[in-house]
Amino acid sequence: MRELAPDEKSSTVFVYTQTSLIRGEIVLRESARVSIWLRTQGVPNFIHVFKGNIIQLAGSPPRTYAKEEVFIPTSEVIAFHLAPPAHDSLDYDASEANRRMQPVQALAGSFEIKSLLRISTATDIAAGLDVMNTTWMSLYEAEITNPYVPQLNLSVPMLLVRPNKVMIGLL
């Protein structure tokens with residue numbers, strides 16, 4: 001990994017695609033909130049991951065790779081979060097009126113994500129998802145599993161998912 005500039009930090013993240021799970025380090029500005037980084041301006045076309053550990057789920061059995069550097073097309077990313085136990089502050093104000101947490105199950109490729117989705121109390125989830133015009137959606141208190149990787153059982157306070165690449169089921 002390259003030497004960090006004085007205004008940079010390294011953070012360990014999990015990056016999910018339809019067929020892979022990648023764990024590794026990314027380098028961002030010191031002031032960046034990693035958990036919402038993909039929502040910000042200037043996200044590159046490729047996520048540059050250092051010390052990447054990759055589980056490829058496209059075959060049977062799953063294959064693993066270790067790469068000093070890996071470049072993941074940002075357009076292929078379907079979910080993203082900080083590696084536990086690290087976490088950022090949540091991206092909402094808990095005192096905001098007229099919001100509730102809806103238990104949901106998101107299916108992202110072969111990943112199952114049981115979590116909470118923060119939605120308006122004035123509308124139902126179908127209408128809320130229909131009018132949502134965002135590339136990334138936050139899920140909270142997530143439990144992430146995958147049937148092809150039984151040892152994968154992650155709990156994260158927050159993750160981003162690409163709503164047009166996941167199925168959302170109500171719990």
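Q: How many bridges join strand E6 to E7, and do the two run parallel or antiparallel?
A: Before we start: this is a predicted model, where local features need pLDDT of at least 70 and side-chain atom pairs count only at pLDDT 80 or more, while totals for chains, interfaces and linings use all residues. Residues are numbered from 1 along each chain as its sequence is written, and side-chain values use heavy atoms, with hydrogens and water left out. Now the idea: strands of a sheet pair through backbone hydrogen bonds, either parallel or antiparallel. Strands are DSSP runs (E, at least two residues), numbered from the N terminus, and two of them pair if DSSP finds at least two bridges between them. Here, E6 (residues 99–108) and E7 are antiparallel and joined by ten bridges. Ala-108 sits opposite Phe-111 in E7.

Q: What does Gly-109 do in the hairpin of E6 and E7?
A: Two residues lie between the strands of that hairpin, and Gly-109 takes a positive phi near 60 degrees.

Q: Which strand pairs with E7 over four bridges?
A: That's E8 (residues 137–145), again in the antiparallel sense. In E8, Thr-145 is the bridge partner of Glu-112.

Q: In what order do the ten strands form the sheet?
A: Read it as E4-E3-E2-E1-E5-E9-E8-E7-E6-E10, an open sheet with antiparallel pairing. Its edge strands are E4 (63–73) and E10 (167–170), since each pairs on one side only.

Q: Why is E7 largely enclosed by the rest of the structure?
A: Think about surface first: buried means under 20% relative accessible area, exposed over 50%, and partly exposed in between (1.4 Å probe, protein chains only). Eight of the ten residues of E7 (residues 111–120) are buried, so the strand is largely enclosed.

Q: How many aromatic pairs are there?
A: A pair of aromatic rings is described by the distance of the centres and the angle of the planes. Rings of Phe, Tyr and Trp (its six-membered ring) pair if their centres lie within 6.5 Å; planes under 30 degrees apart are stacked, over 60 edge-to-face, and the rest tilted. By that rule the count is three. One of them is Tyr-16 with Phe-111, edge-to-face at 4.8 Å centre to centre and 90 degrees between the planes. Tyr-16 is in strand E1 and Phe-111 in strand E7, so this pair ties together parts 95 residues apart in sequence.

Q: Why is the pair of Trp-37 and Phe-80 called tilted?
A: Their planes are at 50 degrees, with the ring centres 6.0 Å apart, so the pair counts as tilted. Phe-80 is buried, with a relative accessible area of 0%, and Trp-37 is buried with 11%.
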